[in-house]
Amino acid sequence: MTPPDQPGASAAPTEPEEADRLRTLLNSRPYRKALVFSALLGIPVSLVAFLFLAALHELEHLLWVSLPSGLGLSTAPWWWPLPLLTLAGLAVGLVVTRLPGGGGHVPAGGLHAGGMAPAALPGVILAALASLPLGATLGPEAPLIALGGGLALWFRNLARAPDTPQSTALLGAAGAAAALSAIFGNPLVGGILLIETAGVGGPQLFAVMLPALLASGIGALVFTGCGRWTGIDTGSLSVRLGAPTPHLDIGDVIWAVVLGVVIAAAVHLALSGGRRTAASITGRPVLRTGLCALAAGVCAAVYALATDRSPADVASSGQSTLAHLAAHPHAWGVGALVGVLLCKGVAYALCLGGLRGGPVFPALFLGAAVGVLLAPLPGLGVVPGLAVGMAAASTAALRLPVSCVVLVVLVLGGAEMIPVVILAAVVAFITAELLPPGRLPLPPSPSPTAAGSGSGQGPGGTTGRSPRAPR
């Protein structure tokens, strides 16, 4: 179809012109140099990211396992998160007020593309080290993006390469993708996530992508159903896993739509709470960040007292807890699942506005917990519930549907749930975009442009990816 605002005659040369433009770009010497430089900087950036993640893991093990054991405690007691998270809040408040960059972007604003000024990196690292090992309900992906992008720009400055907005955007994204591959365990997730986060196509990208993504998911459902009904195999590029997996049915499709709407609304509420928290902290950041973190610790303590489980179920990113939930879903009673959803949801909102980290891992865990809790519903089941819950929650938190589909599929380790994952992600994305946006502005985030290295970001460091992105 010819777009109504363009004459039909002018549409013909578009494809050849774009092909020639791409060929010219690939033949240009500066772009080839940028590709080589990106490949080389991936080595030191990934090494630094690995060391950063190793430090986070060792500190978390020290504070939550070794230290209680050294005090004669078998596990971390219910009150353990209270002093740790209070200390985390005070430390983050000091970093935000005393160091350049404010400790990085506020997590309630979603993920941001790489390209943070190198001068802001010490504050980003210190804020993450103060938040994540001490029990913040956040993940390490946002600090990793800032670390990778900032290191890339630092190496660019060290090599005295040209400092242009184009090089800043390209190298920042490359460095961030190299760092992200360390945490997601797959380079594909990091690359796709940075493509969507950078927002190169703007709203038009999502307008074109959503129908194609939704149609592919529906098409997969139809082909799966037809193949099972007729017994005819059309052939596909796939591998078979040794573990048995459930077959999709109409119940999974219906629940994917329903849960996509419900989970997106709940995650949107948590993000709105995070933005309100961030806005309330700006007056007296040190004291109020400490009180905010203490409140998150109270959530973990209440959960531990109510369920007789570890407070780390709430006071953590949820990465290791998600693995345990997926492997042993029946070990979690209804009370434990309801408790962790309520307490971790509130702690998530508080940490999104007060501490520093990323929104991905807690959203994945909360979505998985909803899926396991509702798995006994007629026509659902544990595996489809996990798939739908994680896809809907992560998409509503990030507003990056393709990245979240790829991430959830790789987490599940198989392709059987892809159709309902796509359906839940698209429904959650549309629901989150149509819900009223938060009216409270976030505190100003570090802007690489202000530090002398523009990245094409908008005011406050936002990417301008979507007109309804979290604000």
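Me: Is Pro 107 buried or exposed?
Reply: Buried is the word for a relative accessible area under 20%, exposed for over 50%, and partly exposed for what lies in between, with a 1.4 Å probe and protein chains only. Pro 107 has 2% relative accessibility and therefore counts as buried. Before going on, keep in mind that this is a predicted model, in which local features need pLDDT of at least 70 and side-chain atom pairs count only at pLDDT 80 or more, while totals for chains, interfaces and linings use all residues. Residues are numbered from 1 along each chain as its sequence is written, and side-chain values use heavy atoms, with hydrogens and water left out.

Me: Where is Pro 107 placed, and how far is Pro 107 from Arg 275 in space?
Reply: Helices are DSSP runs of H or I with at least four residues, strands are runs of E with at least two, and both are numbered from the N terminus. Pro 107 sits in the loop between α3 (81-98) and α4. Its C-alpha is 9.0 Å from that of Arg 275, although the two residues are 168 apart in sequence.

Me: Which loop holds Gly 139?
Reply: Gly 139 belongs to the loop between α4 (121-131) and α5 (141-158), and its relative accessibility of 0% makes Gly 139 buried. From Gly 139 to Ala 128 the C-alpha distance is 9.4 Å, with 11 residues of separation in sequence.

Me: How many salt bridges does the structure hold?
Reply: A salt bridge needs a side-chain nitrogen of Lys or Arg within 4 Å of a carboxyl oxygen of Asp or Glu. The structure holds 2 salt bridges. One of them joins the side chains of Glu 433 and Arg 399, at 3.0 Å from N to O. Because Glu 433 lies in helix α16 (residues 418-434) and Arg 399 in the loop between α14 (382-398) and α15 (401-412), this pair ties together parts that are 34 residues apart in sequence. Glu 433 is buried at 11% relative accessibility, and Arg 399 is buried at 2%. In the salt bridge of Arg 309 with Asp 313, the N to O distance is 3.2 Å; here Arg 309 is partly exposed at 25%, whereas Asp 313 is buried at 9%.

Me: What is the phi of Arg 399?
Reply: The backbone of Arg 399 has a positive phi of about 60°, although the residue is not a glycine. Asp 308 also has a positive phi, near 60°, and is likewise a residue other than glycine. Asp 308 is in the loop between α10 (285-307) and α11 (319-327), and with 72% relative accessibility Asp 308 counts as exposed.

Me: At what angle do helix α12 and helix α13 pack?
Reply: Axes are lines fitted to C-alpha atoms, for helices over the stretch in contact, and the angles between N-to-C directions run from 0 to 180 degrees. Helix α12 (residues 334-354) packs against helix α13 (residues 360-373) at about 155°, with axes 10 Å apart. That angle makes α12 roughly antiparallel to α13, where under 35 degrees counts as roughly parallel, over 145 as roughly antiparallel, 65 to 115 as roughly perpendicular and the rest as oblique.
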